[in-house]
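Have the structure open beside the text as you read.

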Amino acid sequence: MASNRTFTMIKPDAVEANHIGHILAMITDAGFTIKAMKFTHLSRKDAETFYAVHKERPFFGELVDYMISGPVVAAILEKDNAVADFRNLIGATDPAEAAEGTVRKKYAESKAKNAVHGSDSDDNAAIESGFHFSEREIVG
Ligand code: ATP
Ligand code: MG
């Protein structure tokens, strides 16, 4: 059975551009409930660990530098079909390819600086949530 939780980050470009409130409104308007949330600045080690799956990719260094360039909002979200529905809400990785009305279409600067992260599977949602939050930081 599909889990009903996903993990997101509002990335440094969107925080810097003062889009936190707008993006959280889109998320809650779409029916997601916030189960945990924090404002935090990732260390280089945090970002390298979080995106370790991409470490062989040519853009890995750029991705890590970007993710530590400023603070992020990390959150656990709950909704039926959370992982897939959240990926639909945020849109394609490259905002030029993202559908109208998606978070990335509205707020992402580029394929690299693309405003938000969304888990790509239930397993990764659980791993990423556990990376950022302890059990007692998650509202029951
Ligand atoms: P995320 O995992 O952050 O939700 P995604 O699943 O849409 O994004 P991934 O393929 O997992 O995309 O890539 C992770 C992140 O790496 C992207 O969100 C983007 O910030 C960056 N990235 C991906 N492709 C490129 C690229 N070709 N050049 C630069 N940065 C990239
Ligand atoms: Mg991804």
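Phe7, Phe50, Tyr51 and Phe131 are joined into a cluster by ring pairs. Rings of Phe, Tyr and Trp (its six-membered ring) pair if their centres lie within 6.5 Å; planes under 30 degrees apart count as stacked, over 60 as edge-to-face and the rest as tilted. Please keep in mind that this is a predicted model, where local features need pLDDT of at least 70, side-chain atom pairs count only at pLDDT 80 or more, and totals for chains, interfaces and linings use all residues. Residues are numbered from 1 along each chain as its sequence is written, chains are lettered from A and ligands numbered from 1 in the order in which they are written, and side-chain values use heavy atoms, leaving out hydrogens and water.

The structure holds 4 aromatic pairs. In one of them, the rings of Phe50 and Tyr51 lie 5.0 Å apart at their centres with planes at 80°, so this pair is edge-to-face. Phe50 also forms a tilted aromatic pair with Phe131, at 6.0 Å centre to centre and 55° between the planes. That pair links distant parts of the chain, since Phe50 is in helix 3 and Phe131 in helix 7, 81 residues apart. Helices (H or I, at least four residues) and strands (E, at least two) are DSSP runs, numbered from the N terminus.

How accessible are these rings? Phe50 is buried, with a relative accessible area of 10%, and Tyr51 is buried at 7%. Phe131, at 32%, counts as partly exposed. Here buried means under 20% relative accessible area, exposed over 50%, and partly exposed in between (1.4 Å probe, protein chains only).

Now to the pockets. A pocket is an open set of points on a 1 Å grid over the protein atoms alone, where a 1.4 Å probe fits, with protein on both sides within 12 Å along at least five of seven lines; lining residues have an atom within 4 Å of a point. A volume is the space filled by probe spheres set on the points, which are joined across faces, edges and corners.

| Pocket | Volume | Share from helix 7 |
|---|---|---|
| Largest pocket | about 660 Å³ | 4 residues |
| Second largest pocket | about 160 Å³ | 5 residues |

The largest pocket is lined by 25 residues, and Tyr51, His54, Phe59, Leu63 and His117 lie nearest its centre. Among the residues lining the second largest pocket are Arg5, Ile76, Ala125 and Phe133.
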